[in-house]
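Hi,

Here is the structure I said I would pass on to you. Have a look at it first, and then read on for what turned up in it.

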There are 2 protein chains.
Amino acid sequence: MAQLLLGKNVADAINTDLRRRTAALREKGTVPTLAIVRLGDDPSDESYLRGARKRGQEVGVEVRLLQLPEGTQLSQLLRSLDDLNADDAVHGVLLLRPLPAALREHTNTICDRLSPRKDVDGMTAASAAGVFTGSAEVGFPPCTATACMEILDYYGIDCRGKSAVVIGRSQVVGKPAAMLLLGRDATVTVCHTKTPNTAALCRQADIILTAAGVLNSLTGDFVRPGQVVIDVAINYDAGKVTARGVGGIAGDACFQEVEPIVAAITPVPGGVGSVTTSVLMKHVVEAAEK
Amino acid sequence: MAQLLLGKNVADAINTDLRRRTAALREKGTVPTLAIVRLGDDPSDESYLRGARKRGQEVGVEVRLLQLPEGTQLSQLLRSLDDLNADDAVHGVLLLRPLPAALREHTNTICDRLSPRKDVDGMTAASAAGVFTGSAEVGFPPCTATACMEILDYYGIDCRGKSAVVIGRSQVVGKPAAMLLLGRDATVTVCHTKTPNTAALCRQADIILTAAGVLNSLTGDFVRPGQVVIDVAINYDAGKVTARGVGGIAGDACFQEVEPIVAAITPVPGGVGSVTTSVLMKHVVEAAEK
């Protein structure tokens with residue numbers, strides 16, 4: 001039976017630290033502030049927004065919503081970002097993505113318009129360069145990748161000299177997580193859809209970080225005793241039985257197969273996802289402190 | 001007996017292509033031009049400069065030297081870079097590093113002052129972000145990492161679905177090479193000084209790219225039949241017997257042990273190092289074409 005790496009404990013520890021830091025900032029007249037930019041009214045944003053507002057209130061970060069219409073023109077959106085860049089009362093900016101279809105081809109231009117100083121979810125090229133080079137000078141790594149490291153840190157899992165397999169090479173999770181693990185002196189292997197032997201590679205690893213986004217893709221034959229599994233994926237499992245009925249979110253790991261074998265695993269829900277909003281707030285507070 | 005992956009053949013193919021492209025550019029009135037910025041007179045720059053000039057002449061790229069004194073102030077160097085950024089006749093800029101000791105702490109500021117459009121050796125944050133995200137929109141990957149890919153391409157070594165081990169995690173070779181291999185659908189493992197089992201990991205790999213910079217560090221027990229070894233290192237071997245006498249450059253691979261076992265290997269000298277200047281010129285020509 002594995003140790004459950006509960007995100008709540010990690011988030012609580014971060015939040016406690018943040019309350020102290022935001023109190024200190026407010027004493028000096030600075031109200032750490034996050035602006036969330038939302039285009040259109042995709043209902044899937046709602047729960048994220050609610051979560052961010054609640055977390056902000058908990059830790060003393062003001063959360064503002066800049067709601068723009070679905071049909072916002074590129075030039076209007078860029079102007080809004082310029083305004084947020086210039087607004088000294090705003091320390092962090094989160095742009096909800098994916099963008100509406102009409103703007104999607106301009107994603108790079110849009111993301112890069114944001115000042116790296118306010119880029120609390122690592123969407124600018126400067127933040128990408130910072131993660132890649134391991135320098136924390138400007139920008140921030142994406143919150144989800146950072147949340148994985150916060151979990152490892154909180155539970156005292158030392159990466160130095162360990163082997164880590166990252167499944168997935170996305171720009172928001174797989175690649176930055178690989179760089180952060182490398183920065184912690186792990187030997188890192190990045191697997192992806194073209195990897196023919198992911199299961200065998202995983203069995204050799206000390207730490208498995210899976211971000212494939214494929215339900216039940218990490219089965220019992222990917223793991224062995226003693227391993228740590230960080231399950232970053234948030235998949236919908238139509239057959240999952242929960243207290244609220246049938247259907248719910250689940251990770252990549254086939255939990256009933258993997259959990260009895262490994263040493264430790266993050267549950268989904270209740271694992272990495274529970275930490276990301278606290279990391280977001282931490283980045284805002286860091287930006288405000290700078 | 002391994003196939004020798006000779007850099008000269010690769011460079012010749014690149015150069016032939018470049019001569020055609022520079023001729024086309026010159027016909028349209030554009031003389032593709034590289035400015036090399038050198039501070040001080042470290043004699044180890046001399047052979048590099050000679051090589052770059054010769055290669056430039058061969059392929060139709062003009063090479064200008066901007067020689068600055070060893071004691072150049074930060075502000076002066078930044079102004080020089082601004083001038084080169086503004087000079088439409090200059091398409092690529094190479095800043096010889098390491099910088100003099102007094103400027104070294106400002107390396108990031110200095111590197112980032114260069115326009116990413118002219119950053120033909122991948123020293124700006126924008127280039128780093130481009131390599132990391134796999135987008136070729138702006139900037140260039142470092143020439144040495146690119147040279148490794150040119151060798152794989154020239155000799156028809158397909159990376160897709162193969163496993164690659166990169167030894168070294170430097171910003172100029174290890175990390176960018178890992179990203180370029182990942183972009184070619186290899187499954188990539190990055191080993192470094194904190195990796196306890198590099199030899200075992202190497203034996204499992206299809207492709208080994210070694211950039212440790214440690215003479216004879218890749219011994220016979222790192223390899224097995226069928227592998228491809230790309231040796232990026234340029235080490236001095238005091239005991240090496242060459243046609244010119246005793247002492248010469250050598251790679252990480254203990255050549256007499258490794259070469260009889262593997263399928264293919266780049267010699268040192270005559271491997272990766274022979275391709276980098278052609279890659280540099282290719283980047284200048286690409287910058288001029290844009």
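This is a predicted model: local features need pLDDT of at least 70, side-chain atom pairs count only at pLDDT 80 or more; totals for chains, interfaces and linings use all residues.

Helix α2 of chain A, residues 44-59, lies across β2 and β3 of chain A and runs at about 155° to β3(A). Helix α3 of chain A (residues 74-86) lies across β2, β3 and β4 of chain A, and its angle to β3(A) is about 160°.

The sheet under discussion is an open one: three strands of chain A in the order β3-β2-β4, with parallel pairing. Its edge strands are β3 (62-68) and β4 (92-95) of chain A, each of which pairs on one side only. On average, and with direction ignored, neighbouring strands here are turned by 20° against each other. Strand β2 of chain A, residues 33-39, pairs with β3(A) in the parallel sense over seven bridges.

Next, the contact between the two chains. Chain A puts 23 residues into this contact, and chain B puts in 23 residues. On the chain A side, α6 (125-133), α8 (174-183) and β6 (187-191) each supply at least two residues. The most comes from α6(A), with six residues. By class, the side of chain A that touches chain B divides into ten nonpolar, seven polar and six charged residues.

Now for the core. The largest nonpolar core has 181 residues, and A:C148, A:V166, B:C148 and B:V166 touch the most other members. Which residues does B:C148 contact, leaving aside its neighbours within four places in sequence? They are B:A177, B:L209, B:I230, B:V232 and B:V272.

Last, a helix pair in chain B. The axes of α7 (residues 143-154) and α11 (residues 273-289) of chain B come within 8 Å and cross at roughly 105°. Angles of 65 to 115 degrees count as roughly perpendicular, so α7(B) is roughly perpendicular to α11(B). The residues of α7(B) that meet α11(B) include B:C143, B:A147 and B:I151, while among those on the α11(B) side are B:V275, B:V279 and B:H283. This contact of α7(B) with α11(B) has six nonpolar, four polar and one charged residues.

Conventions:
Residues are numbered from 1 along each chain as its sequence is written. Chains are lettered from A and ligands numbered from 1 in the order in which they are written. A nonpolar core is a set of buried Ala, Val, Leu, Ile, Met, Phe, Trp, Tyr and Cys residues joined through C-beta atoms within 7 Å. A residue is buried if 20 or more other C-beta atoms lie within 10 Å of its own, exposed if 12 or fewer, and partly exposed in between; C-beta atoms are placed from the backbone. Two residues are in contact if their C-beta atoms, placed from the backbone, lie within 7 Å. Axes are lines fitted to C-alpha atoms, for helices over the stretch in contact, and angles run from 0 to 180 degrees between N-to-C directions. Helices (H or I, at least four residues) and strands (E, at least two) are DSSP runs, numbered from the N terminus. Angles under 35 degrees count as roughly parallel, over 145 as roughly antiparallel, 65 to 115 as roughly perpendicular and the rest as oblique. Ala, Val, Leu, Ile, Met, Phe, Trp, Tyr, Cys and Pro count as nonpolar, Asp, Glu, Lys and Arg as charged, and the others, Gly among them, as polar. Two strands pair if DSSP finds at least two bridges between them.
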